[in-house]
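Let's take a friendly walk through a protein model, going from the whole chain down to single residues. Have the sequence and the 3D view ready as you read.

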Amino acid sequence: MSEIRLQVQNLCKSFGITKAVQNVSFNINKGEVHALIGENGSGKSTLTNMLTGIYTIGSGKFILDGKEVHPKNQVEANLEGISIIVQELGTLSGLTVAENIFLGHEDQFVKHGIKNREAINRKANELLQQYGFKHIKAEHQIDEYNFEDRKLVEIVKATYFHPKIVVIDETTTALSQEGREELYKHMDRIRKEGNTVIFISHDLPEILDKSDTITIMRDGVYIDTVKSADVTEDDLKRLMVGREVTGDYYRPDYGEKVSDEVVLSVRNVSVPNVLEDVSFDLHKGEILGFGGLSESGMHEIGKAIFGASYDRTGTVTLADGTEINDIPTAIKHSIAYTSKDRDNESIIMNQSIGDNITLPSLDDLAGKCKLLSDKKLSDFANKFAAQMSVKMQNIDQFVSDLSGGNKQKVVLARWIGKDSDILVLDSPTRGIDIKVKQDIYQLMDTMRKHNKSIIMISEELMELIGMCDRIIIMKDGKLNGELPRSRDLDENLLISKMV
Amino acid sequence: MDSTKNAVGGKKMSAKVKGYLILFALVFVSWLIFKILTPDNFGSPENMLSYFQASLIASAGAVGFYFVLVMGMFDFSIGAAIILASIIGCKLAASMGLGYMGLIGGCLIAGAIIGILNGVFYIKLRIPSMIVTTGLALIYEATANIIAGGVEQTLPSDLRMFGQMPGNLILALLTFAAAYFILNYTKIGTYTYAIGSNEFIAKNMGINVNKYKILAFVISGIFFGIMSILTISYGSSMVAVTGMASMSRNFIPTMGCFFGVAFKKYGMPIQAIILGEFMINIIFYGFVALGAPTAIQDVITGFALLIIITLTTKINKGEIVK
């Protein structure tokens with residue numbers, strides 16, 4: 001029988017009237033990858049944030065190796081043997097790689113108040129070498145590295161001291177396949193060392209493949225703990241949602257002819273060091289997918305179409321001849337865009353849900369003399385928040401209080417409310433739970449049937465295969481193949497064109 | 001990937017050299033413009049040494065203020081702090097007969113107390129630092145006025161060692177070295193950048209953010225205390241003012257500090273502050289040599305500095321500037 005590493009006992013946490021975690025109890029064993037799954041707002045991140053000192057514990061206990069722990073911050077958590085790799089960027093600009101790795105733990109390099117820079121750099125470089133991240137230099141500013149490399153630095157930071165528990169909170173969604181493989185390798189190493197990984201992800205095949213045990217939460221309540229080997233993806237969906245997830249997950253049709261009418265034409269678009277001579281057409285009522293590795297340039301496609309790229313050359317033209325070169329023109333001509341970097345580029349964190357939803361539609365909602373009616377704005381925001389099932393107290397709640405998935409729903413509600421004709425959705429289901437994913441897919445299908453045109457950029461190959469009329473694969477900033485919708489498409493075919 | 005990073009490494013080296021080249025070029029161009037316009041009474045080696053000595057005063061304060069600015073806070077009480085600290089130092093040195101000990105101790109302790117007040121009020125009241133320090137500036141001005149009794153405070157001539165070479169240079173160099181050391185060789189420097197980058201993450205890393213914010217104000221206050229020693233030693237006297245008249249003294253150290261922030265990406269903020277202040281002084285003295293009216297001087301100086309900071313600040317495309 002496995003030895004218990006962590007006992008979660010009667011844990012509770014509330015934010016105002018919202019009960020985020022309610023009387024949760026379960027055990028996590030040594031030497032296992034223990035997945036924590038649930039819909040957005042189910043309380044997974046709140047629970048691990050309490051464990052890692054990011055939130056204070058409401059009530060209840062964490063007992064680690066027989067001893068109660070209640071860290072007040074991440075450093076205290078580290079000292080107890082607990083660390084976390086977060087979903088978004090967790091490194092700090094303005095500091096070197098070494099300073100980031102040892103932030104909060106500098107005292108080992110400080111003597112008489114003087115920081116030994118050579119020692120801190122030497123130690124960090126040793127660690128980076130050990131991890132195989134030789135291209136990252138300890139003494140360099142962290143800002144010199146891309147998102148992926150900065151995540152690798154976070155892996156070192158979170159694991160170099162061999163913690164008893166490492167929490168990996170939806171990190172894989174932010175990584176390319178290469179980055180994911182690197183992370184999996186270290187998860188495996190941690191498990192083999194007899195330590196524990198708490199793994200949070202919405203990707204159920206990934207959960208089944210990489211974890212030993214799975215705990216399911218729903219609406220802040222503990223549902224069940226199961227062995228990965230004993231369950232299927234459908235079992236997990238049922239446990240997460242609380243009922244059978246019925247109906248078609250992706251759109252069911254095959255062989256439907258897409259209109260010949262071109263609504264958007266992209267010609268010879270280049271962005272220095274990112275895109276090179278990209279040309280394609282988007283048709284009326286079409287879902288056009290873009291896939292590739294994270295750095296393939298596919299994410300820049302969305303920005304280029306929306307007029308948000310810098311130094312873009314080439315043309316993006318609508319059917320009426322309008323050229324899209326800036327964001328106001330794009331919005332005015334019914335183009336919507338959701339960025340992959342939700343927190344920094346799509347959501348205004350310290351504004352209400354209502355403000356976020358109504359923002360691009362203010363001109364449409366303004367009455368005579370351009371005055372805005374509170375009631376009209378509230379009705380509008382409430383309607384589309386409800387349509388997207390945003391879990392909230394009311395539309396006056398700040399977006400910063402919402403879970404990652406609910407933030408994404410707010411972004412989508414904004415553009416659905418705007419009733420845009422062309423939607424550029426970059427990673428629209430990133431960090432979104434299974435039920436809402438299904439809702440989004442159905443929404444996209446409905447929009448398509450109503451002659452809306454959609455560009456879907458995604459690192460999830462299955463959703464591209466399941467939803468798109470055509471899939472364009474990007475590699476090194478160029479188009480590297482186009483695949484029409486077919487029942488025979490599989491991930492391997494796409495991957496062969498990506499790498 | 002390796003080659004990219006090697007290229008990045010190479011770029012880093014050249015960035016610092018580039019930073020120096022830009023700064024020295026700016027100093028040279030500033031000198032050249034006024035030398036051409038008024039060749040006889042500007043820009044001789046003796047004059048340049050004099051401008052440099054004058055620039056050391058503001059540089060000493062600016063290198064301390066950098067800690068506050070990088071953390072994302074601001075200080076509108078700089079002028080009031082300098083006036084109050086100078087008057088206290090002068091009173092202790094002259095009226096109370098404590099000599100240099102009174103001057104140095106008075107200015108430094110007054111600066112430190114002002115820093116503590118700025119920091120504690122900012123943290124406890126939880127309102128923007130700009131508002132807190134503006135309010136406190138009025139109090140510092142009034143306090144200085146009460147201490148001075150409405151009389152101009154003059155530092156005796158035998159206590160003006162720091163107003164001339166080599167005293168001013170030695171004190172300034174020690175100050176710069178201290179700022180450089182704190183920034184690069186203590187936890188305070190690391191935490192300053194960490195808090196300035198993302199306060200929430202810094203807090204989660206166990207950094208006592210409030211403590212280090214107060215500490216930044218205290219460091220800034222002490223360095224303004226040093227600036228006060230240099231100011232009163234150089235000018236020999238100080239008059240207490242009221243009604244926010246002290247604000248005019250904020251400009252030069254703040255502008256120098258902006259140079260530091262602008263050149264942070266080149267990895268040389270302290271050096272940039274020193275050379276930036278030198279350039280500002282060259283421009284000021286250039287206008288004086290030209291005999292230009294004060295209003296014109298201010299307009300041109302303001303524009304010149306805005307242009308220089310704009311041109312030298314490496315803002316990435318899409319980066320949000322507030």
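## Before we start

This is a predicted model: local features need pLDDT of at least 70, side-chain atom pairs count only at pLDDT 80 or more, and totals for chains, interfaces and linings use all residues. Residues are numbered from 1 along each chain as its sequence is written, while chains are lettered from A and ligands numbered from 1 in the order in which they are written.

## The whole of chain A

Chain A contains 18 helices and 21 strands; helices (H or I, at least four residues) and strands (E, at least two) are DSSP runs, numbered from the N terminus. Its C-alpha trace spans about 70 × 55 × 45 Å along the principal axes. The radius of gyration, taken over C-alpha atoms, is compared with a globule rule of 2.2 Å times the number of residues to the power 0.38. For 499 residues a compact globule would come near 23 Å, and chain A, with 24 Å, agrees.

Of the 499 residues in chain A, 48% are buried. A residue is buried if 20 or more other C-beta atoms lie within 10 Å of its own, exposed if 12 or fewer, and partly exposed in between, with C-beta atoms placed from the backbone.

## Two domains

Chain A is divided into domain 1 (4-241) and domain 2 (262-498), with bounds that come from an automatic or database domain assignment. The C-alpha centres of the two domains of chain A lie 30 Å apart.

Where the domains of chain A touch, 19 residues of domain 1 are in contact with 19 residues of domain 2; contact means that the C-beta atoms of two residues, placed from the backbone, lie within 7 Å. Helix H8 (residues 233-241) of chain A gives the largest share of the domain 1 side, three residues.

## A six-stranded sheet

In chain A, six strands build an open sheet with mixed pairing, in the order E6-E9-E10-E3-E11-E12. Two strands pair if DSSP finds at least two bridges between them. Why do strand E6 (82-85) and strand E12 (221-227) of chain A each have one side without a neighbour in the sheet? They stand at the edges, so each has a single partner strand.

Strand E11 (residues 213-218) of chain A pairs with E12(A) in the antiparallel sense over six bridges. A:Ile214 has A:Val226 in E12(A) as its bridge partner.

## Two places inside

Helix H9 (residues 298-306) of chain A is mostly covered, as nine of its nine residues are buried. Among them are A:Met298, A:Glu300 and A:Phe306. After H9(A) comes A:Gly307, with a positive phi near 75°.

Is A:Lys407 buried or exposed? A:Lys407 counts as buried because it has 23 C-beta neighbours inside 10 Å. This residue is found in helix H15 (residues 404-418) of chain A. Leaving aside neighbours within four places in sequence, A:Lys407 is in contact with A:Arg342, A:Ile347, A:Val399 and A:Leu402.
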